[in-house]
Amino acid sequence: MVREFFLAFQRTRTGRTTWTGWHNLHQIVNDPTFWQAWRNTGLFTGLALVLGYALPFAVAVLLNELRQARGFLRVLVYLPVMLPPVSALVLFQYLYNPDYGLIDHLLHALHLPAVAWLQDQRTAMLSVVIASTWMNMGSATLIYLAGLQGIPGELYEAAELDGAGLLRRIRHVTIPQMRNVLSLMLLMQIVATMQVFVEPFVLTNGGQGVGGSTITVVYLIYQYAFNFDNYGAASALGLLLLLVLAVFSALYVRLSRRVEE
Amino acid sequence: MARTATPVPETRTLISPAALARPRGRIIHRTVLAAVLVVFTAAFLGPLYLLVTGGLKTTAESIANPPTLYPHHLAAGTYGTAWHELNLARLLLNTLWYAFGALAFQLVLDTAAAYALSKLRPVLGNAVLGAMLATLMIPATVLVVPQYLTVLDLPVLHANLLNSPWAIWLPSVANAFSIFLLKRFFDSIPQELIDAASIDGAGPVRTLVSLVLPMSRPIIAVVSIFALVNVWKDFLWPLLAEPDPTRQTLNAGVYSLSNGIPQNVLIAASAISAVPTVLFFLVFQRNIMSGLTAGGLKG
């Protein structure tokens with residue numbers, strides 16, 4: 001049975017070993033969308049780190065301080081993670097609509113200028129990041145919460161006796177104590193966000209309409225393989241992405257070993 | 001969880017209990033709590049509310065400017081239209097079939113693999129485990145292309161699995177993460193118990209079925225839940241592996257059929273496809289959350 005299992009395993013992996021040759025690599029590097037896709041992916045990762053990395057931590061610290069309704073709030077934050085992504089994205093597409101979307105309506109009510117969220121090259125990626133953060137922040141929040149509960153209370157006690165205010169306690173106790181969890185999550189977020197696909201695919205149809213401003217590397221892979229039938233180029237690009245991510249993954253493995261010790 | 005009857009003395013956090021007990025502290029705590037409750041409900045439940053009510057609006061109202069906060073003209077028929085027009089019953093059945101099939105394969109093969117690695121300790125077991133952990137590090141999206149080519153023409157058997165449930169089931173079995181979780185749990189079962197069973201004449205299979213598995217119920221629940229949810233939420237793979245829209249999962253199917261569908265019908269369809277996972281989550285939220293944190297850092 002075990003062998004059977006490993007056969008299944010290998011089956012799904014062996015396709016990758018087809019030799020692509022330099023030609024494919026040459027082809028994809030010379031495609032102008034290649035650099036655009038990497039830039040966009042980098043932008044997504046950057047924005048997602050500002051929003052999707054910092055926000056769950058702040059939320060976790062906040063929730064950890066509340067004495068009531070914590071269970072309810074935890075369920076609330078995690079709820080979007082359980083939604084089928086397409087449902088959530090259809091909804092966001094609706095909310096972002098410049099003609100009848102609720103978000104622009106709220107902006108209008110606050111006397112702020114309307115934004116053509118997904119149609120504007122400058123805001124398209126930001127819109128994608130906001131939707132993605134809403135959908136995914138729940139799991140990070142829960143992991144942070146679990147980490148926060150492991151911080152010994154005496155440390156806060158001692159810091160307070162030394163006259164440390166709220167912000168200094170966060171800076172000198174919470175963050176150092178959470179360092180390992182924080183850096184693990186950072187690497188995990190980088191690896192995850194660099195593979196972003198569904199969000200731009202559903203929200204902006206991959207980014208075709210908006211001057212390619214949301215074309216990501218994985219979308220480009222998808223396009224090579226399934227729109228252009230060029231599996232070679234797709235695999236070459238996939239290999240490049242793999243190499244980039246391997247660096248972060250290797251760091252992650254080293255770090256998680258250290259945490260376990 | 002929040003509903004514990006007796007307030008357990010909590011370990012102190014950032015803010016000391018003494019500071020909270022002071023009147024000023026109590027007021028601040030109440031205000032922050034109320035603000036958080038309002039903001040979070042609006043931010044996380046609000047969109048769900050709009051999803052459900054959006055499906056109750058007429059087409060004209062759903063694209064009206066300014067948008068309405070609740071349906072002024074109830075059009076409950078929209079849900080029926082969505083159900084029939086997108087053939088959601090079919091998609092729902094597909095999803096259930098794929099999800100539970102994948103679950104069954106994963107449970108049988110992954111527990112066997114994990115048990116073998118943990119207790120039977122074959123030669124090269126560690127090498128195998130290392131290889132599996134390495135595959136955890138390979139980004140899933142990079143594998144989509146080779147996986148697709150494999151399904152298109154299965155090696156040795158040369159069968160085309162496109163549009164068949166096998167295309168979903170087979171790759172899901174190779175879940176290194178569940179094997180790893182199960183193995184870690186099996187490792188924690190004392191060897192003495194297993195030795196005792198083998199003295200009583202139980203072979204490895206019997207030990208697994210009547211000793212190890214009953215003891216592992218919590219972790220099996222976690223693995224099962226994640227297996228189901230993964231199939232349910234997956235998007236790209238079912239879209240590729242089941243190009244025939246009548247064979248797709250809810251998630252992929254709603255997307256493929258979304259072109260040319262009126263806004264309110266599309267929203268109703270999205271709401272319907274969200275119902276099963278949300279209900280599932282509300283029932284199993286404890287297991288899901290403990291699994292998330294027990295499973296280490298991989299969500």
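Rings of Phe, Tyr and Trp (for Trp, the six-membered ring) are paired here if their centres lie within 6.5 Å; a pair is stacked if the planes are under 30 degrees apart, edge-to-face if over 60, and tilted for the rest. This is a predicted model, in which local features need pLDDT of at least 70 and side-chain atom pairs count only at pLDDT 80 or more, while totals for chains, interfaces and linings use all residues; side-chain values use heavy atoms, without hydrogens and water. Residues are numbered from 1 along each chain as its sequence is written, with chains lettered from A and ligands numbered from 1 in the order in which they are written.

**View 1. An aromatic cluster with members from chains A and B.** Phe197(A), Phe201(A), Tyr219(A) and Tyr222(A) come together with Phe235(B) and Tyr255(B) in one aromatic cluster. Over all chains, the ring rule gives 19 aromatic pairs.

View 2. Trp134(A) belongs to helix H7 (residues 121–149) of chain A and Phe44(B) to helix H2 (residues 23–54) of chain B, so the pair joins two chains. Helices here are DSSP runs of H or I with at least four residues, strands are runs of E with at least two, and both are numbered from the N terminus. Trp134(A) and Phe44(B) are both buried (buried means under 20% relative accessible area, exposed over 50%, and partly exposed in between, with a 1.4 Å probe and protein chains only).

**View 3. A tilted pair, Phe280(B) with Phe284(B).** Here the centres are 4.9 Å apart, with 50° between the planes of Phe280(B) and Phe284(B). Both residues sit in helix H15 (residues 263–294) of chain B, 4 residues apart, or about one turn of the helix. Phe284(B) is partly exposed, at 32% relative accessibility.

**View 4. Trp97(B) and its surroundings.** Look for Trp97(B) in helix H5 (residues 88–120) of chain B. Its relative accessibility is 52%, so Trp97(B) counts as exposed. Setting aside neighbours within four places in sequence, Trp97(B) is in contact with Pro165(B) and Trp169(B), where contact means heavy atoms within 4.5 Å. Thr249(B) is 152 residues from Trp97(B) in sequence, yet their C-alpha atoms are 9.4 Å apart in space.

**View 5. Chain A as the setting.** Chain A has 13 helices and 0 strands. Of its 261 residues, 56% are buried.
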